[in-house]
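Welcome! Please take a moment to look over the sequence and the 3D view below before reading on.

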Amino acid sequence: MHLDQIQTISGYGDRVDRFAVQTTPSADVPRLIDRINRVAFGFKAYQSRDIAVETSRTFQVVSRFHRAIGIITIVASSVFLLCIMVLKVEERRRDIAALRLMGISRATVVRSIIIESAVVAVLGSALGVVIGWVISQIVNWHYQALYQTPLAFSIVTPPTVVFAVSLSLVLGIAAGVAASLRLVRTPPLALFGR
């Protein structure tokens, strides 16, 4: 809506709640804010980022929604990782049987599968972080140009990256344990199909 339409609907007439002042890059913004607050009675000047924080209740809800989507995605990917590990281990039934018949212990076989699943989880996480960062940059580039604003619409923060990689590693190890224990409990000759 245009400003005159909002004024007509709200019945405010010519009153405004907020107005923005654009400054030059070299401006001393804190000094300007202090000067406006001293001169204009009944006004309170803020930087745009402070206003964004104060009026971001909707964005907090959206942030929680995105967090929920992220958790669901991680759980779904962990199930996918478990399925991949089970299939990979099942494909190597004969190899594992041969290792067991040569005297390689169950613990060694389990460890090797766990290490492999941890490497897959970390590599997948690293790829996911890179893809997420690239998509975040594209989203910001598009919407900053569309709305002509410097606000960041999407960010990839270090705590988010650490949490995602840690969770992925834990779930990857759990998937490796589940896949390997299922196979090493089977007698080696049964793995050969005899």
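The report below starts with the whole chain and then turns to its parts.

## About the model

This is a predicted model, in which local features need pLDDT of at least 70, side-chain atom pairs count only at pLDDT 80 or more, and totals for chains, interfaces and linings use all residues. Residues are numbered from 1 along each chain as its sequence is written, and side-chain values use heavy atoms, with hydrogens and water left out.

## The whole chain

The protein chain has eight helices and zero strands. Here helices (H or I, at least four residues) and strands (E, at least two) are DSSP runs, numbered from the N terminus. Read from that end, the order is α-α-α-α-α-α-α-α.

Of the 194 residues in the protein chain, 18% are buried. Buried means under 20% relative accessible area, exposed means over 50%, and partly exposed is in between (1.4 Å probe, protein chains only). The chain exposes about 14700 Å², with carbon and sulfur atoms supplying 66% of that area; accessible areas come from the Shrake-Rupley method with a 1.4 Å probe, and for residues only the protein chains shown count as cover. Contact means heavy atoms within 4.5 Å. Among contacts between residues at least 6 apart in sequence, 64% join residues at least 24 apart.

## The nonpolar core

A nonpolar core is a set of buried Ala, Val, Leu, Ile, Met, Phe, Trp, Tyr and Cys residues joined through side-chain atoms within 4.5 Å. The largest one has 13 residues, of which Leu 81, Met 85, Val 89, Ile 96, Val 109 and Ile 113 touch the most other members. Helix H4 (57–91), helix H6 (106–147) and helix H7 (158–184) are the elements that give two or more residues to this core. H6 brings the largest share, five residues.

What does Leu 81 touch, leaving aside its neighbours within four places in sequence? Leu 81 is in contact with Val 120, Ala 121, Leu 171, Gly 172 and Ala 175.

## Helix H5

Helix H5 spans residues 93–101, and Ile 96, Ala 97 and Arg 100 are buried in it. These three cover an arc of only 100° around the axis, which puts them on the same side of H5; the arc is that of the directions from the helix axis to the C-beta atoms. An α-helix has 3.6 residues a turn, so residues three or four places apart point the same way.

Arg 100 counts as buried because its relative accessibility is 18%. Leaving aside neighbours within four places in sequence, Arg 100 is in contact with Arg 106, Val 109, Val 184, Thr 186 and Pro 188. Just after H5, Gly 103 takes a positive phi of about 105°.

## Salt bridges

Side chains of opposite charge can pair when their charged atoms come close. A salt bridge is a side-chain nitrogen of Lys or Arg within 4 Å of a carboxyl oxygen of Asp or Glu, and the count by this rule is two.

Asp 34 and Arg 38 are four residues apart in helix H2 (residues 29–39), so about one helical turn separates them. Asp 34 is partly exposed at 41%, while Arg 38 is exposed at 62%. Another salt bridge joins the side chains of Lys 88 and Glu 116 (3.4 Å, N to O). This pair links distant parts of the chain, with Lys 88 in helix H4 and Glu 116 in helix H6, 28 residues apart.
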